[in-house]
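Visitor: I would like to go through the terms used for this structure. Please set each value against its cut-off.

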Amino acid sequence: MEDDPLDAVLVQSALEAGGILCTTSRVDSRDAFVAALELGGIDLVLSDFSLPAFDGLSAIEIVRARWPDLPVILVSGTLGEELAIDSLRSGATDYVLKGRLARLVPAVRRAMEEVEERAGNRRTEKALLESEQRLRIIFTESPLGIALVGGDGRPVLTNLALQKMLGYTGEELSRMPFADFTAANDCVADSRLHQQPVQGLRANYQIEKRYLRKDGEAFWARLSVSAGLEAEEHADFAIGMFEDITERRHLEAQFIEAQKLEVIGQLAAGVAHDFNNLLAVIMGCSDFIALNLASDSPMQKDAEEIRHASERAARLTQQLLVFSCKQTVHPVVLNLNTVVQEMDKMLRRLVDENIEITVIPGKSLGHIMADSGYIGQVLMNLVVNARDAMPYGGRLAIATADVTLDDNDALARPGATPGDYVMLRVADTGTGMTNEVKARLFEAFFTTKPSGKGTGLGLATCQTIVQQSGGHILVESEIGKGTTFRIFFPRVERPLDAAAKPAQTGPLPRGTETVLLVEDEPSVRHLAARVLQGQGYEVLSATNGRDGLQVARGHSGSPIRLVVTDVIMPLMDGRVMAEWLKTAYPDLKVLFTSGYPDDAIAHHGVLEEGVEFLPKPYTPATLARIVREMLDR
């Protein structure tokens, strides 16, 4: 801004002489000045102080109002000290007298450096602001809980995720030390670790611990803590990151449980064969002892105790196999009332006289598809647990009923779907359970009974059996008010299977036919032969499949009508032997037996439909009845 062209040339020359190459545009009026600025591309304003129709202070005012970062240097012939001060106060970057143009180049360089510095500061401030905004977004929107924790253990600042995780507001959390919502067992270790980064002893640490929500519910979280270092001294605060790992811990526990059950299943499967053979002999011999004793003999009770102990041992083996999925369920269409009725007397023997049992069968009850033996096992386990929950007596009610679950009912029952069900209800007036016990109720090997009084497999096995039948279990319990189990089996619209009809009672059936008995275990072979011979049959014994073929070929008496054979034997198994025999005797009937778990004999084909199979351990009565039944077909 200069009204004298000659002075403008002098200024241009001074800049060039000082090494500042630039393009200049000279104006000498307000309008021209504003127009040039609005056109853009101006990096520096050099303005005379006094012009005929304009002045330097007015120019400064215009620039500062609209282009605040543009430097303005006053270049004047006469500028007193007072005017110079006023110009600087008005926003001039500097002033230079025309008589001292040697100062112009340093003043221009200094002004441009200040412009660049301010631009750099603005970039830094913008980057800092953007960084703060990003950090704020991370802090507020992060799915992980975040807290700034002071040296006293109080969270100074918390994000929304942590507040939701714990159920408290940020203000509430700021007044609470972490110990207030940390599970008691984890407080000491966590407090000790928290002090280490605060005291500068370590930079960070991680720990998995349990926290307590505002409603008292416990959950697992992974806590990562880093020191908030602001200087070389100790940290003023620590930064905590919280990840809810409750589901992960639950899955880990399930995985460990599955591994444990797999080991148990392998162990149970390994010993099941030999153990079932031994139990078959014990059960059979105890029956023979009871038959040969007078009805009033004091030894009858001993024989009965032996029989009951062997039955319990057989059920325990079966529980292990069922729960570890080594035993196959054989479902049939049955009436739940029939199962309850058949077990009524045995269940009453299980409980003490001070417990009153009431059975309420449902009228016109629908049918279910299930394994009657396993359903009986479920009922027995529930009754035994109810008995143990009423050491001083009480009431036990067993009821059945048809029920229909709608969508709302299904939502309230984990694992349930809407539909028609047959319900089995077992309710007692015992001690009841805490919520903690209910949460672990179906966990394998979990028991509240004294050592030696329970295996912890009963309810776990019940759940497995019910789930294999397509059903689910609902448990209601309250301390001091008893427990109610409701088991829901899907209802089926099909007639009863023959296998679900009541078992025969009375004297054992007899016969005179010839039976080939093939069994590699001597004690079981001798027992089975004794049972069948005692019922009048002619029994041919063999120790394995190859021996069975030789015995059959060498037999010259009455034709062999039935083969009772073990499945897995040395030299030749029962299925191969049976196929060879049936080529020579097409009408021959075959009954397979085995003490191995189902998954071990399934590939032998003896579990296929239409194949007769008798699992060990079996009783003399069971063997005698099934032999007679097969021969009469």
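Guide: Contact means heavy atoms within 4.5 Å. By that rule, His555 touches Thr514, Glu538, Leu540 and Ile560, with residues up to four places away in sequence not counted. This is a predicted model, where local features need pLDDT of at least 70, side-chain atom pairs count only at pLDDT 80 or more, and totals for chains, interfaces and linings use all residues. Residues are numbered from 1 along each chain as its sequence is written, and side-chain values use heavy atoms, with hydrogens and water left out.

Visitor: Where is His555 found?

Guide: His555 sits in the loop between helix H17 (545–554) and strand E18 (560–566). Helices (H or I, at least four residues) and strands (E, at least two) are DSSP runs, numbered from the N terminus. His555 and Leu540 are 15 residues apart in sequence, with 8.6 Å from C-alpha to C-alpha.

Visitor: Why are H17 and H18 called roughly parallel?

Guide: H17 and helix H18 (residues 574–584) pack at about 20 degrees, their axes 8 Å apart. Axes are lines fitted to C-alpha atoms, for helices over the stretch in contact, and angles run from 0 to 180 degrees between N-to-C directions. Angles under 35 degrees count as roughly parallel, over 145 as roughly antiparallel, 65 to 115 as roughly perpendicular and the rest as oblique. H17 and H18 are therefore roughly parallel.

Visitor: Which residues make the contact between H17 and H18?

Guide: Gly545, Gly548, Leu549, Ala552 and Arg553 of H17 meet Met577, Trp580 and Leu581 of H18. They divide into 5 nonpolar, 2 polar and 1 charged. Here Ala, Val, Leu, Ile, Met, Phe, Trp, Tyr, Cys and Pro count as nonpolar, Asp, Glu, Lys and Arg as charged, and the others, Gly among them, as polar.

Visitor: What about H3 and H4: why are they called roughly parallel?

Guide: The axes of helix H3 (residues 56–66) and helix H4 (residues 81–90) cross at roughly 10 degrees and come within 9 Å. H3 and H4 are therefore roughly parallel to each other. Leu57, Ile60 and Arg64 of H3 make the contact with Asp86, Ser87 and Ser90 of H4. That set divides into 2 nonpolar, 2 polar and 2 charged.

Visitor: What makes Arg103 and Asp94 a salt bridge?

Guide: A salt bridge is a side-chain nitrogen of Lys or Arg within 4 Å of a carboxyl oxygen of Asp or Glu. Arg103 and Asp94 meet at 3.8 Å, N to O. By this rule the count comes to 29 salt bridges.

Visitor: Why is Asp94 called buried?

Guide: Buried means under 20% relative accessible area, exposed over 50%, partly exposed in between (1.4 Å probe, protein chains only). Asp94 has 11%, so Asp94 counts as buried. Arg103 has 37%, so Arg103 is partly exposed.

Visitor: How do you know that Arg628 and Asp632 pair, and are they buried or exposed?

Guide: Their closest N and O atoms are 2.8 Å apart, a salt bridge. Arg628 is at 11% and therefore buried. Asp632 is at 53% and therefore exposed. In another group, shared partners join Glu208, Arg222, Arg248, Arg249 and Glu252 into one network of salt bridges.

Visitor: What does the bridge of Glu208 with Arg248 tie together?

Guide: The closest N and O atoms of Glu208 and Arg248 are 2.6 Å apart. Glu208 lies in strand E6 (residues 204–212) and Arg248 in helix H9 (residues 246–292), so the pair ties together parts 40 residues apart in sequence. Glu208, at 26%, is partly exposed. Arg248, at 32%, also counts as partly exposed.
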